[in-house]
Amino acid sequence: MSIENRVKELGRQARDASRIVAASTVATRNQALLGIRDAIASNRDDLMAANAEDLAAAVESGLAPALLDRLELNADRIASLMVSLEQVAALPDPVGAIDGVRTMDSGIRVGKMRVPLGVIGIIYESRPNVTIEAASLCLKAGNAAILRGGSEAINSNLALGRCIQKGLAEAGLSNEAIQVVETTDRAVVDALIQLSDYVDMVIPRGGKGLIERISGAATVPVLKHLDGICHVYIDAEACPERAQAITINAKTSRYGTCNTLETLLIDEEALALLPAIAEALAAAGVELRGCTKACAASAAIGVAATEEDWQTEYLAPVLSIKVVAGVDGAMAHIAQYSSGHTESIVTENHTTAMRFLREVDSSSVMINASTRFADGFEYGLGAEIGISTDKLHARGPVGLEGLTSSKYIVFGDGHVRQ
């Protein structure tokens with residue numbers, strides 16, 4: 001069977017299974033999630049052996065150390081997968097919730113019901129834990145899913161896929177509700193993102209190159225963010241202690257996440273705060289690249305920033321710093337260079353803070369808080385499938401509700417339209 005026909009078959013099977021999952025009770029879906037957890041517990045040794053194969057092949061191929069770390073499934077990470085399944089099972093069921101019911105002049109009552117999206121394709125790189133995260137969230141929200149992981153994790157993903165199948169079977173759900181693609185052929189991705197007859201949404205999780213390629217070629221709607229060029233703006237009326245603590249945390253808490261600070265903006269009237277912040281960052285091992293005014297303000301800023309720096313998501317201990325003319329200068333810079341992920345203002349001026357909140361057009365906008373809070377768990381979603389910088393159909397951290405849609409429902413009592 002050709003790749004194209006095989007992917008069509010996966011899509012058809014997923015579409016049929018999605019109806020079964022959508023009609024299932026939350027108790028059944030939770031039973032499946034806990035069954036997957038139990039299967040992982042029972043097959044821990046097999047999972048680690050499969051992962052060892054992937055790691056050995058990755059080392060031989062020269063995979064970068066950061067990607068090797070993402071690829072590894074050690075005992076602690078397997079335990080975390082089991083905990084995450086329990087957490088998703090404990091989340092409230094989004095499916096079937098009815099809200100906004102109102103009585104119209106005609107006498108009918110109109111509201112909205114939350115419903116599954118249907119079939120979701122997940123395309124991801126390196127991290128086998130995404131196999132469980134994606135499967136659990138899609139399933140809990142009443143969807144079927146087709147999971148296509150990276151070639152470097154194929155053995156790990158297939159082993160996890162077998163655990164998923166056991167959990168589905170235990171709950172009496174179709175084993176085609178969650179399908180892990182068994183081939184590493186890149187043609188699968190090209191076919192999947194064109195499968196609009198069967199797939200309702202594609203979610204790519206990986207590097208900017210992967211996401212750009214999928215977004216450019218897909219005919220299926222794509223939920224995405226390309227990169228996380230996040231900003232913190234220190235206002236003239238910022239608390240010095242807050243400004244330093246927030247900046248240090250936003251940059252150094254973790255370097256490789258999409259909600260990490262990449263460009264610090266500081267009001268020219270707050271320039272006296274910069275030397276202490278820059279010295280603390282440099283002491284933490286962060287390379288600082290600044291505009292002319294920033295470099296002049298602190299000897300710790302040793303590299304002149306270029307135009308490319310303002311456009312770069314470093315994912316590394318590197319930070320660009322720019323001095324701006326007040327909140328207008330900060331918002332102008334953000335409007336030009338931000339990826340629409342997360343921006344934060346540090347200020348004690350309520351009016352300035354609220355203006356920043358209203359006018360900055362990103363998926364998360366914060367007052368006096370680290371950008372590292374832009375996360376589904378921190379926002380009370382329980383878990384997330386990813387972070388969207390799109391404006392349709394979900395924006396920001398995407399949890400269970402973001403994996404559903406809604407439909408209008410009408411309650412009548414023999415009503416006919418006059």
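Start with Ser126, in the loop between β3 (119–124) and α6. This is a predicted model. Check the backbone here: Ser126 has a positive phi of about 65°, although it is not a glycine. Its relative accessibility is 6%, so Ser126 counts as buried.

Next, select Leu315. Look for it in the loop between α13 (307–310) and β11 (318–324). Leu315 is not a glycine either, yet its phi is positive, about 50°. With 37% relative accessibility, Leu315 counts as partly exposed.

Now go to His393, in the loop between β14 (386–388) and β15 (396–398).

The largest nonpolar core has 49 residues. Ile40, Ile122, Leu147 and Leu403 have the most contacts inside it. Helix α6 (residues 129–140) supplies the largest share of this core, seven residues.

Zoom in on Ile40. Beyond its neighbours within four places in sequence, Ile40 is in contact with Leu47, Ile78, Met82, Leu85, Ile132, Leu160 and Cys163.

Finish with a helix pair. Show α14 (residues 326–337) and α15 (residues 350–359): their axes come within 11 Å and cross at roughly 20°. Angles under 35 degrees count as roughly parallel, and α14 and α15 are therefore roughly parallel to each other. The crossing is right-handed. On α14, select Val327, Asp328, Met331 and Ile334; on α15, select Thr352, Arg355, Phe356 and Glu359. These residues make the contact. Four are nonpolar, one is polar and three are charged.

Terms used:
Residues numbered from 1 in each chain as written. Predicted model: local features only at pLDDT ≥ 70, side-chain atom pairs only at ≥ 80, totals over all residues. Heavy atoms only, no water. Axes fitted to C-alpha atoms, helices over the stretch in contact; angles between N-to-C directions. Helix = DSSP H or I, 4+ residues; strand = E, 2+ residues; numbered from the N terminus. Parallel < 35°, antiparallel > 145°, perpendicular 65-115°, else oblique. Left-handed = near helix turned anticlockwise from the far one by under 90°. Contact = heavy atoms within 4.5 Å. Nonpolar A, V, L, I, M, F, W, Y, C, P; charged D, E, K, R; others polar. Core = buried A, V, L, I, M, F, W, Y, C linked by side-chain atoms within 4.5 Å. Buried < 20%, exposed > 50% of the residue type's maximum accessible area, 1.4 Å probe, protein only.
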